[in-house]
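Here is a short briefing to read alongside your structure. Please keep the 3D view open as you go through the topics.

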Amino acid sequence: MVAQTLEISTPKYMQMKTAVVILNYNGETLLRTLLPTVLAHSPQAEVIVADNASTDGSLPLLQQTFPQVRLIALSKNYGFAEGYNRALAQVDADYFVLLNSDVEVTAHWLEPLIDYMEHHADVAACQPKIMSYTDRTKFEYAGACGGYIDALGYPFCRGRIMATVETDNGQYDSVAALFWASGACLLVRADKFREVGGLDARFFAHMEEIDLCWRLQARGSRIVCIPQSTVYHIGAKTLAKEHPMKTYLNFRNNLLMIYKNMPAASKVLAARVVLDWVAAVHLLCQGKWQNFWAVLRAQKDFFVMRKHFSKDRQKNLQSTVNQNIGGVLHGSILWQYYVCRRTVARKLQGL
């Protein structure tokens, strides 16, 4: 009798090399709390922490408590965009997962993401369903169930429009094409990331993942949300939601992103300058002086910086092969939200 050898096949996603890269800056408490969940639930991935020159106990914690985690120690705080660019340049993997340090992952969170990517070669990046860490029935503000953009360049999410955050009742449990995937938990093909030049370091932080996804889509790739994977995001741990610096970066980078990527940028930017002034006056009426000045400074700096983005704009427009990018609302999200009172994504018209 000849003995038979039992062959056990390994799922294809297990054969791909995946790196989960967490960018850290003075996040000792978050690492101590949440890094164990990443290690426990990501056996198929290399877990890496890229440290932006933390001054707290992050480095000793990683070295003493988590020796199995690869540490990339950066020389200074490069911010989100350049910090990731410098770290990922030192990582050899087929897939990069950009994971915020304040995200709790769940069992088998990576499998649906990688499996979908392996079966859809035209998809360059994806995100899971991102839920609130503090209220686990609700979507999380920064990403929710995937990002969209309107005709004037305002971003919003499936599950979060402006200040309205929905409770998850399974209404977005289908895989959906997006305009952008959240940088809180973003899985991207390493070759595509490098092909488009990575994140734009000049943004420093905020909107850089939207800019990245815009470039990926313009060059023919798709972006999707895979809600069969779930993570929980604390959010606003680096800068509070209404911190003037966050206001400044969001307004400035949004204008830079539009100029850099949108064919009809001149007309849209003319409208946005007016609308951003309206937003600034609204902040002033609320007594938020610092935020008011942050919006004005953002506009001023945009006009100063714009000349440094002209070559990028020319390159992006010349590289565009996809004229029908997904995830774009044909109209104004402000009009639908504030005038038509359509406060949830599934009720929007023109998406």
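A contact here means heavy atoms within 4.5 Å. The model is predicted: local features need pLDDT of at least 70, side-chain atom pairs count only at pLDDT 80 or more, and totals for chains, interfaces and linings use all residues. Residues are numbered from 1 along each chain as its sequence is written, and side-chain values use heavy atoms, with hydrogens and water left out.

**Isoleucine 234**
- Isoleucine 234 sits in the loop between strand S13 (222-233) and helix H8 (244-261); helices (H or I, at least four residues) and strands (E, at least two) are DSSP runs, numbered from the N terminus.
- Leaving aside residues up to four places away in sequence, isoleucine 234 touches Leu30, Leu34, Asp102, Tyr133 and Glu140.
- Isoleucine 234 and glutamate 104 are 130 residues apart in sequence, yet their C-alpha atoms are 8.3 Å apart in space.
- Isoleucine 234 counts as partly exposed because its relative accessibility is 24%; buried means under 20% relative accessible area, exposed over 50%, and partly exposed in between (1.4 Å probe, protein chains only).

**Asparagine 85**
- Helix H4 (residues 79-88) holds asparagine 85.
- With a relative accessible area of 17%, asparagine 85 is buried.
- Beyond residues up to four places away in sequence, asparagine 85 touches Phe193, Gly198, Leu199 and Ala201.
- A polar atom of the asparagine 85 side chain lies 2.7 Å from the backbone oxygen of leucine 199.

**Valine 339**
- You will find valine 339 in helix H12 (residues 333-339).
- Valine 339 has 47% relative accessibility, so it counts as partly exposed.

Definitions and conventions
Polar contact = N/O pair within 3.5 Å; in protein donor to acceptor, adjacent residues only side chain to side chain.
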